[in-house]
Amino acid sequence: MPKLLLLLFLLPLAFTKWVHAFLPYNLSDSSLFDSYQTSFAATLNPLMVPLTLIHGADAKQAVCLDGTLPGYHLHRGYGSGSNSWLVQLEGGGWCNNIRNCVYRKTTRRGSSRFMEKQIPFTGILSNRAEENPDFFNWNRVKVRYCDGASFTGDSENKAAQLQFRGQRIWLAAMEALKAEGMQFAKQALLSGCSAGGLASILHCDEFRDLFPRTTKVKCLSDAGLFLDVVDISGGHYIRSLFGGVVHLQGAGRNLPSICTRHLDPTSCFFPQNLIAGIRTPLFLVNAAYDSWQIQSSIAPPSLDPAGYWHDCRLNHAKCNQPQIQFLQGFRNQMLNAVSDFSKSSKNGLFINSCFAHCQTERQDTWFGDNSPVIGNKPIALAVGDWYFDRAAVKAIDCPYPCDRTCHHLVFRSG
């Protein structure tokens, strides 16, 4: 009987490890990195939280790409966390031209018609102290992402029947959450992963301004440090992508003025040009070898017609020495990008040398028996120490391959 119980306990952990090796591969949408979450989370019996649509948002033109209502998932806090709020902005890539925005309307990333009616709350959203020691009893929210511009656009394309209303969705969601009780918060944390992690940077000071000065407000960006760097062809593939997003969706006027006063709007979509100027305390969680950036901005297939990077792109263990050297250069640029930011005592960092993407909303990487650590501290405790001022956290890992605690992502082609 004890052997059977042990097997039942280990099966979910084994499945978590196994699923990493068989993720779907699709360069157009960073949601590939979280799309498997629901399937394996079911084995862990997570809390399922229903979708709430923001009724009346359409009167303010705060709508998804297809004109449907935006929404969020809220699980109420209790006890010592009843007046504390954690708001997570969902990620899932961007759309930078009419064609892929029209396609996006047919998915949960562009229409609430296709959103799940309930989703699992895991990692930083978990309601269990053993899984989420500092935030388990807070009011925890996931704001759904259906605009394709990290909640910043404000325009439309009538011919294609596209509404680019991310900024209005952000405002409507915050207004709705304030009505739910967030206006009385004593503590608040804005977070997000990937495109949502970028959004948490872009909206960080706006979030701070929703509350009185007596409220403790901070921001967390997970896998949101998208870098304006040279790709394998010598060009700037991601700059072209972000330029399309910003100009198509009219995002420029909604980007932080600390940046737009002296740089062009596309440059101000890149966190490296923003983070040092943000007034609100900010914590960056990022893999030094971010899987999405390797696959979709540094070495995308369109820049690799001969397939030289194909195997390395899918599995870091198949990278040759020149490729590893190139990726070490990417890590160095990431460290350079955060150097001024890290000098401020109010800010925090956790940059681990993993091939990963989004580590705060997955239970296995957020907090568990074998979670990634830097200096024996997992991400959950690093974020908690920083938020509650228990310790300064400026954790930067040694270069690959020194970290044996990573949960590397490995992909299949197809």
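In which helix is the place of Gln-363? I looked this up in the model, which is a predicted one, and found Gln-363 in helix α13, which covers residues 363-366.

I next checked whether this residue is buried or exposed, and since the cut-off for buried is under 20% relative accessible area, Gln-363 counts as buried because its relative accessibility is 8%. Leaving aside residues up to four places away in sequence, I listed what Gln-363 touches, and the list holds Thr-122, Gly-123, Ser-126, Glu-131, Gly-368 and Ser-371. I also took one C-alpha to C-alpha distance, from Gln-363 to Ala-380, which are 17 residues apart in sequence and 9.9 Å apart in space.

**The chain as a whole**

I then stepped back to the whole chain, which has 14 helices and 14 strands, and of whose 414 residues 60% count as buried. When I took the contacts between residues at least 6 apart in sequence, I found that 75% of them join residues at least 24 apart.

**Sheet**

I traced an open sheet of 10 strands with mixed pairing, and wrote down its order as β4-β1-β2-β5-β3-β8-β9-β10-β11-β14. The edge strands are β4 (118-121) and β14 (394-396), each of which pairs on one side only, and the twist from one strand to the next averages 20°. Within this sheet I looked at β9 (residues 216-222) and β10 (residues 282-287), which run parallel and are joined by four bridges; Ser-221 stands opposite Leu-284 of β10.

**Cores**

I turned to the nonpolar cores and noted that the largest has 80 residues, with Val-87, Trp-94, Val-143 and Phe-207 making the most contacts inside it. Helix α4 (residues 166-179) gives the largest share of this core, namely seven residues. There is also a second, separate core of 24 residues, and among its members I noted Ile-119, Trp-138, Leu-220 and Tyr-387.

Technical notes. Residues numbered from 1 in each chain as written. Predicted model: local features only at pLDDT ≥ 70, side-chain atom pairs only at ≥ 80, totals over all residues. Heavy atoms only, no water. Core = buried A, V, L, I, M, F, W, Y, C linked by side-chain atoms within 4.5 Å. Buried < 20%, exposed > 50% of the residue type's maximum accessible area, 1.4 Å probe, protein only. Helix = DSSP H or I, 4+ residues; strand = E, 2+ residues; numbered from the N terminus. Pairing = 2+ DSSP bridges. Axes fitted to C-alpha atoms, helices over the stretch in contact; angles between N-to-C directions. Contact = heavy atoms within 4.5 Å.
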